[in-house]
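Reader: I would like to go through this model by way of its rings, its pockets and its loops, and I would ask that each answer be reasoned out.

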Amino acid sequence: MMRISDRISGVFLALLGLAAFWGGSRLPPVPGQQVGPSAFPMVVGAGLMIVGILIALHIGRSFEEQAEAELAKHRQPDPEAEAFQRRRRWFAFLPPALMVAYYLLSERVGFVPVAAVMIAILAFALNAKRQLILPVSIFGALGIHLVFVKLLRVPLPPGPLPMPW
């Protein structure tokens, strides 16, 4: 299995955060609003930069090692967990694939259905409780839509069935 150094992944995250922060800072303000469309990417970018720097500097690594050692003491052989670990190596490709699917489908289908399916796929891939996947994906997509459209005033693709708000 290929491993990537914490320094490399931390620097990559910090650069990604810097790009998000810079891109967000270049968005034009909305007249009459104190918080515009630049706020969200700038906050996310700053968070990514902070987390990337912490990862690159190995801050918090000792806590991770202690937790892994504690878990190893109590670990029982679990075939389901081992199968999950084998599938896990493909998880890195799932978010980019879902973002490409969102880009291709959102205008025609609409934000809410596409986001609900994306949340459901991610929850299923991460072994969420099966009875919670459907309600969480539906209410999560509706909640995200409500926050972006009403609070942040960011238009999202309505698709053939627009939301009533």
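**Aromatic pairs, pocket, core and loops**

Author: In this predicted model, the count of aromatic pairs comes to two, with ring centres required to lie within 6.5 Å.

Reader: Which geometry do the rings of Phe40 and Phe148 adopt, stacked or edge-to-face?

Author: A pair of aromatic rings is described by the distance of the centres and the angle of the planes. For Phe40 and Phe148 the centres are 5.5 Å apart and the planes stand at 75 degrees. An angle over 60 degrees is what the class requires, so this pair is edge-to-face.

Reader: How many residues apart in sequence are the parts that the pair of Phe40 and Phe148 ties together?

Author: Phe40 belongs to helix H2, which covers residues 39–56, while Phe148 belongs to helix H7, which covers residues 130–151.

Reader: Is Phe40 buried or partly exposed?

Author: The relative accessible area of Phe40 is 46%. Buried would require under 20% and exposed over 50%, so Phe40 falls in between and is partly exposed.

Reader: What is the angle between the planes of Tyr102 and Phe111, which form an aromatic pair?

Author: Tyr102 and Phe111 are both buried. Their rings lie 6.1 Å apart, centre to centre, and the pair is edge-to-face, with the angle between the planes being 80 degrees.

Reader: Which residues does Ser106 touch, not counting residues up to four places away in sequence?

Author: Ser106 is placed in helix H5, residues 94–109. Its relative accessibility is 5%, which is under 20%, so Ser106 counts as buried. Beyond the residues up to four places away in sequence, Ser106 touches Ala101, Phe111, Val114 and Pro157.

Reader: Which residues lie closest to the centre of the second largest pocket?

Author: The second largest pocket holds about 530 Å³ of space. Its lining is made of 18 residues, and the closest to the centre are Phe40, Met99, Phe111, Ile144 and Phe148.

Reader: Which helix supplies the largest share of the lining of the second largest pocket?

Author: The lining of the second largest pocket divides into 17 nonpolar residues, one polar and no charged. At least two of the lining residues come from each of H2, H5, helix H6 (111–125) and H7. With five residues, the largest share comes from H6.

Reader: Which residues are in contact with Met118, leaving aside its neighbours within four places in sequence?

Author: Met118 is one of the residues of the largest nonpolar core. With its neighbours within four places in sequence left aside, Met118 is in contact with Leu98, Met99 and Tyr102.

Reader: What phi does His58 have, although it is not a glycine?

Author: Most residues other than glycine have a negative phi, and most peptide bonds are trans. His58 is placed in the loop between H2 and helix H3 (61–74), and its relative accessibility of 35% counts as partly exposed. Although His58 is not a glycine, its phi is positive, about 60 degrees.

Reader: What phi does Asn127 have, although it is not a glycine?

Author: Asn127 is placed in the loop between H6 and H7. At 31% relative accessibility, Asn127 counts as partly exposed. Asn127 is not a glycine, and yet its phi is positive, about 65 degrees.

Reader: What distance separates the C-alpha atoms of Pro28 and Ser38?

Author: Pro28 lies in the loop between H1 and H2. Its relative accessibility is 57%, which is over 50%, so Pro28 counts as exposed. Pro28 and Ser38 are ten residues apart along the chain, and their C-alpha atoms are separated by 7.5 Å.

Reader: What distance separates the C-alpha atoms of Gln131 and Gln33?

Author: Gln131 is placed in helix H7 and is exposed, with a relative accessible area of 59%. Gln131 and Gln33 are 98 residues apart along the chain, and the separation of their C-alpha atoms is 41 Å.

Terms used:
Residues are numbered from 1 along each chain as its sequence is written. This is a predicted model: local features need pLDDT of at least 70, side-chain atom pairs count only at pLDDT 80 or more; totals for chains, interfaces and linings use all residues. Side-chain values use heavy atoms; hydrogens and water are left out. Rings of Phe, Tyr and Trp (its six-membered ring) pair if their centres lie within 6.5 Å; planes under 30 degrees apart count as stacked, over 60 as edge-to-face and the rest as tilted. Helices (H or I, at least four residues) and strands (E, at least two) are DSSP runs, numbered from the N terminus. Buried means under 20% relative accessible area, exposed over 50%, partly exposed in between (1.4 Å probe, protein chains only). Contact means heavy atoms within 4.5 Å. On a 1 Å grid over the protein atoms alone, a cavity is a set of points where a 1.4 Å probe fits but cannot get out, and a pocket is an open set with protein on both sides within 12 Å along at least five of seven lines; lining residues have an atom within 4 Å of a point. Grid points are joined across faces, edges and corners, and a volume is the space filled by probe spheres set on the points. Ala, Val, Leu, Ile, Met, Phe, Trp, Tyr, Cys and Pro count as nonpolar, Asp, Glu, Lys and Arg as charged, and the others, Gly among them, as polar. A nonpolar core is a set of buried Ala, Val, Leu, Ile, Met, Phe, Trp, Tyr and Cys residues joined through side-chain atoms within 4.5 Å.
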